[in-house]
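Welcome to the tour! Open your viewer, get ready to select residues by number, and follow along stop by stop.

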Amino acid sequence: MRRLRAGISAHDSANRSSEQGIDVYLGQAAFSGARSVRVAGTELEFSKACVATGTRASMPPIPGLKEADPLTNETVFTLTELPDRLAVIGSGPIGVEMAQSFARFGSQVTLIEVEQGILIREDRDAAEIVTESMRRDGVTMLLGTSVRAVRRDGAESVLEVTSGSGDGEVRADRILVAAGRLPNIDGLGLDVAGIDSNPRDGVLVDDMLRTSNRRVYAAGDICSRYKFTHMADAMARIVIGNALFFGRSRASRLNVPWCTYSDPELAQVGLSELAAAAQGIAIDTYRTELSSVDRAVLDSQSEGFVKLHCKRGTDKVVGATIVAAHAGELISEVTTAMTAGAGMRSIAATIHPYPTQAEAIRKAADAYQRTRLSPGVQRLLRAMLRLQA
């Protein structure tokens, strides 16, 4: 892992930025005025600025947790030995990915989640498939369970837990906290620059990513509910266009896909069934099981499905949920269709190589096509065929 990370580290290095003509200042930066920043003792004036300081792992206020030296998504990769027992607090994407990975490495993993299911914001059918896969990998899941306190007992940590069935304890060699993110706004001097923010949402921006100081923009986790690297990249492109080239791009117009890199992967773009229902949006859903896709069967990866969601009565795609070994790859076809305004008819008319797992998307579009064969249309077709006989 360290060898591979070293190989790609140059992509985000200070040297690469310098080579591209960017002046790089290393140090704690803070606004010193509405149009100036101070960093490492140097005062920098700007015409436009962008805040992109990201987020950090949120540490729940659990008594004794800090003393147990918990791991986060940043520090877990510094481990040099596999913990025999790992307790994971939280079952969002990071918690799920790390729990399954360490179980496959050979750790005895216990995942603790206060809700009654994992990946609570995702499609429930999809989350259930991931749940069963993790159980097969040996992950113990304590759902509907909260951690009251943590104490040390020699070299191990003892997590005192409570649930509807009573109190108990979980013993672990290490604890991984994956319970949300907090924006990095401390010490930036945002108030000095007249930039509105709050501890929960971070920097507040409008749809064109401008802050309350119209010369300052923000991008990435610091101002977005979509805390993904690819979303930060998309927002940075909007900032560059709007701040420097008189653009009028809006973040709300982005079709944002995301993926949880479990096995199988769980990918989503646009509306899910849950989100559509919550927003009162009527949709039609077309589903294809991976077990009906020849390539998935041949690859022994037939667990999962594709769901395409359309605006009720139309072929306009408004969202998709994919559970598959390569869901993160497959979701891009749907995202492209949504961005380009290509509906289910276009997807169905697109030739997909055989055999590929992407055929699952075409099969879902074919399911839409079959709904167009209403009884009236069928009678008309029969009459036309009789005339040609």
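This is a predicted model: local features need pLDDT of at least 70, side-chain atom pairs count only at pLDDT 80 or more; totals for chains, interfaces and linings use all residues.

**Stop 1**

Select residues 327-340 to see helix α8, which has 14 residues. From its first C-alpha to its last it reaches 20 Å, close to the 20 Å expected at 1.5 Å a residue. That expected span is 1.5 Å times one less than the number of residues in the helix.

Residues are numbered from 1 along each chain as its sequence is written, and side-chain values use heavy atoms, with hydrogens and water left out.

Which residues of α8 are buried? Colour A327, L330, I331, V334, T335, A337 and M338. Here, buried means under 20% relative accessible area, exposed means over 50%, and partly exposed is in between (1.4 Å probe, protein chains only). Now look down the axis of α8: its buried residues fall within an arc of 160 degrees, so they line one face of the helix. The arc is that of the directions from the helix axis to the C-beta atoms.

Then show what the buried residues of α8 pack against: β17 (257-260), β18 (265-270), β20 (305-311), β21 (317-324), α9 (344-349) and α10 (359-371). A contact means heavy atoms within 4.5 Å. Just after α8, click on G341, where phi is positive at about 75 degrees.

**Stop 2: a neighbour of α8**

Next, select α10. At 1.5 Å a residue its 13 residues should span 18 Å, and its end C-alpha atoms are 19 Å apart, which agrees. The buried residues of α10 are E359, A360, I361, A364, A365, A367 and Y368. They pack against β19 (283-289), β20, β21, α8 and α9.

**Stop 3: two cis peptide bonds**

Zoom in on Y354 and P355, which are joined by a cis peptide bond with omega of about -5 degrees. P355 sits in the loop between α9 and α10. Then move to D263 and P264, where a cis peptide bond has omega of about 5 degrees. P264 belongs to the loop between β17 and β18.

**Stop 4: another helix**

Select residues 93-105 for helix α3. Its 13 residues should span 18 Å at 1.5 Å a residue, and the end C-alpha atoms are 18 Å apart, which agrees. Its buried residues are G95, V96, E97, M98, A99, Q100, F102 and A103. What covers them includes β6, β7 (108-113), α4 (124-136), β12 (174-177) and β17. Just after α3, G106 has a positive phi of about 125 degrees.

From M98, draw a distance line to G21: their C-alpha atoms are separated by 38 Å, and the two residues are 77 apart along the chain. Is G21 buried or exposed? At 64% relative accessibility, G21 counts as exposed. It lies in the loop between α2 (14-19) and β1 (29-33).

**Stop 5: positive phi without glycine**

Go to A40, in the loop between β2 (36-39) and β3 (42-45). A40 is not a glycine, yet its phi is positive, at about 50 degrees. With a relative accessible area of 56%, A40 is exposed.

Now try D69, in the loop between β5 (55-57) and β6 (85-89). Its phi is near 55 degrees, a positive value in a residue other than glycine. D69 counts as partly exposed, at 49% relative accessibility.

**Last stop: the whole protein**

Zoom out to see 11 helices and 21 strands. The C-alpha atoms fill a box of roughly 90 × 60 × 40 Å, taken along the principal axes. How much of the protein is buried? Buried residues make up 41% of the 389 residues. Among contacts with a separation of 6 or more, 56% come from residues 24 or more positions apart.

Conventions:
Helices (H or I, at least four residues) and strands (E, at least two) are DSSP runs, numbered from the N terminus.
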